[in-house]
Amino acid sequence: MTTESPLKSRHWDIAAATLEALREYNLSPVPELFHVWFVYFADENPDIFRTLDMARQQGTAIDEKQLLELYHRFILHRQTTEFLRQGMENFADVIENSEHSIASVTTELNVYNKVLDEADAILRRDGQKFEILGAVARHTRQVQQTVTTLADQLHTYHQQISHLQVELQKAREQSFTDGLTRVSNRLHFEQLLADLTSGQEEGRDAEPFSLLLIDLDQFKQINDRYGHRVGDEILVLIAKILKSNVKGRDTVSRYGGDEFTVLLPQTTLDEALFLAEDLCNRVRAREVRAKSSGTSFGHMTISIGVAEYQKGEGPASLVDRADNALYRAKQAGRDQYSVAVPFEGDAEPAKA
């Protein structure tokens with residue numbers, strides 16, 4: 001008797017739930033709509049999960065337009081970029097291999113052409129002439145010229161592909177970078193988190209990883225009092241402080257508004273707590289000044305929710321636990337960090 005693997009069984013369960021949702025909302029089982037519901041039930045994207053979960057809890061209608069917007073925003077863009085990148089890498093490999101083959105043929109033709117020239121010279125010296133040999137030599141040189149031209153064209157194509165790959169990489173980095181603070185954006189954070197989570201769940205990575213969810217204290221008052229330009233300068237400064245005080249493998253992202261995340265691969269909860277305390281101290285110690293006028297705005301503080309990933313909970317649960325811990329840090333007086341409660345198989349209750 002064979003036993004179905006847990007992963008395969010889970011996929012069947014998700015697919016069944018997806019089809020049931022499509023029937024429930026009277027939606028056609030087209031690939032785009034199926035994909036969005038599958039991602040929702042697989043808990044692979046926090047934005048998709050939260051949007052659909054809220055609608056389901058409130059009993060509001062979920063129509064095709066809403067699902068297609070989610071698909072194009074959170075699924076298609078990422079897949080298209082990766083498809084183009086992989087396609088150009090494969091094409092570049094084909095051209096590079098072709099260049100190697102042509103280089104080898106060119107070398108062999110050069111040798112063959114030299115042999116023909118030597119044979120022709122010997123026959124002429126001995127007073128013998130063979131028209132067929134001269135014809136072979138001429139055709140060989142024509143082939144040689146054709147191969148040389150083709151090699152030049154492939155070299156040009158290879159340069160163009162290399163240029164396109166550089167431009168695509170720039171576009172990819174821009175799509176993953178927050179325009180204001182120049183740290184990673186939410187899209188990049190979610191992709192990295194999904195990769196780390198799948199590595200844990202599929203057994204590819206046994207190393208622990210942790211998450212810091214960071215919020216600037218009293219930031220709304222700063223914006224209201226000094227304006228959004230000053231608020232933007234503060235966001236840029238905080239992002240620099242965070243980025244300059246984490247390790248190279250760690251990723252600082254702007255999660256939205258005045259919230260940041262720090263994703264910490266190969267990091268235990270205790271190590272994450274040490275970093276959280278250090279970041280609180282460093283932000284508190286830094287005086288905030290306007291670039292243009294040098295006017296001091298005093299000292300900012302941050303509050304942090306800290307969580308270590310627990311196998312089986314999924315990315316949305318990790319973010320929710322860190323978010324609830326952040327809320328408790330705020331409620332306790334701000335300018336501090338709080339530890340997330342352990343994952344127990346069910347999502348934490350929503351904040352009051």
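Trainee: Is strand β2 largely enclosed by the rest of the structure or largely open, and how many of its residues are buried?

Mentor: Good place to start, and keep in mind that this model is predicted. A residue counts as buried when its relative accessible area is under 20%. β2 has six residues, and it is largely enclosed by the rest of the structure because the number of them that are buried is five.

Trainee: Which strand pairs with β2, and in which sense?

Mentor: Look for the strand at residues 259-265. Five bridges join it to β2, and in one of them glycine 256 has glutamate 259 as its partner. The pairing is antiparallel, and the partner strand is β3.

Trainee: Which glycine in the hairpin of β2 and β3 takes a positive phi?

Mentor: Two residues sit between the strands of this hairpin. A phi near 60° is found in the hairpin, and the residue that takes it is glycine 257.

Trainee: Is arginine 254 buried or exposed?

Mentor: Arginine 254 belongs to strand β2, residues 251-256. Its relative accessible area is 17%, and the cut-off for buried is under 20%. So arginine 254 counts as buried.

Trainee: With which side chain does the side chain of arginine 254 make a polar contact?

Mentor: Leaving aside neighbours within four places in sequence, arginine 254 is in contact with several residues, including Asp178, Leu180, Leu235 and Phe260. The polar contact is a side-chain pair at 3.4 Å, and the partner is aspartate 178.

Trainee: Which residues of helix α7 are buried, and why do they line one face?

Mentor: Helix α7 covers residues 219-226. Seen down its axis, the buried residues fall within an arc of 95°, so they line one face of the helix. The buried residues are Phe219, Ile222 and Asn223.

Trainee: Which residues are exposed on the other side of α7, and what covers the buried ones?

Mentor: The cover over the buried residues of α7 includes β1 (209-216) and α8 (228-244). Just after α7, glycine 227 takes a positive phi of about 100°. On the other side of the helix, the exposed residues are Lys220, Asp224 and Arg225.

Trainee: Which residues does threonine 197 touch, not counting residues up to four places away in sequence?

Mentor: Threonine 197 lies in helix α6, residues 186-201. Threonine 197 is buried, with a relative accessible area of 5%. Beyond its sequence neighbours, threonine 197 touches Phe209, Tyr309, Gly314 and Pro315.

Trainee: What percentage of the residues in the protein chain is buried?

Mentor: Now step back to the whole chain, which has 10 helices and seven strands. Its accessible surface comes to about 20200 Å², with 54% belonging to carbon and sulfur atoms. The chain has 352 residues, and the buried ones make up 39%.

How values were computed
Residues are numbered from 1 along each chain as its sequence is written. This is a predicted model: local features need pLDDT of at least 70, side-chain atom pairs count only at pLDDT 80 or more; totals for chains, interfaces and linings use all residues. Side-chain values use heavy atoms; hydrogens and water are left out. Buried means under 20% relative accessible area, exposed over 50%, partly exposed in between (1.4 Å probe, protein chains only). Helices (H or I, at least four residues) and strands (E, at least two) are DSSP runs, numbered from the N terminus. The arc is that of the directions from the helix axis to the C-beta atoms. Contact means heavy atoms within 4.5 Å. A polar contact is a pair of N or O atoms within 3.5 Å; within protein, one must be able to donate a hydrogen and the other to accept it, and residues adjacent in sequence count only if both atoms are side-chain atoms. Two strands pair if DSSP finds at least two bridges between them. Accessible areas come from the Shrake-Rupley method with a 1.4 Å probe; for residues, only the protein chains shown count as cover.
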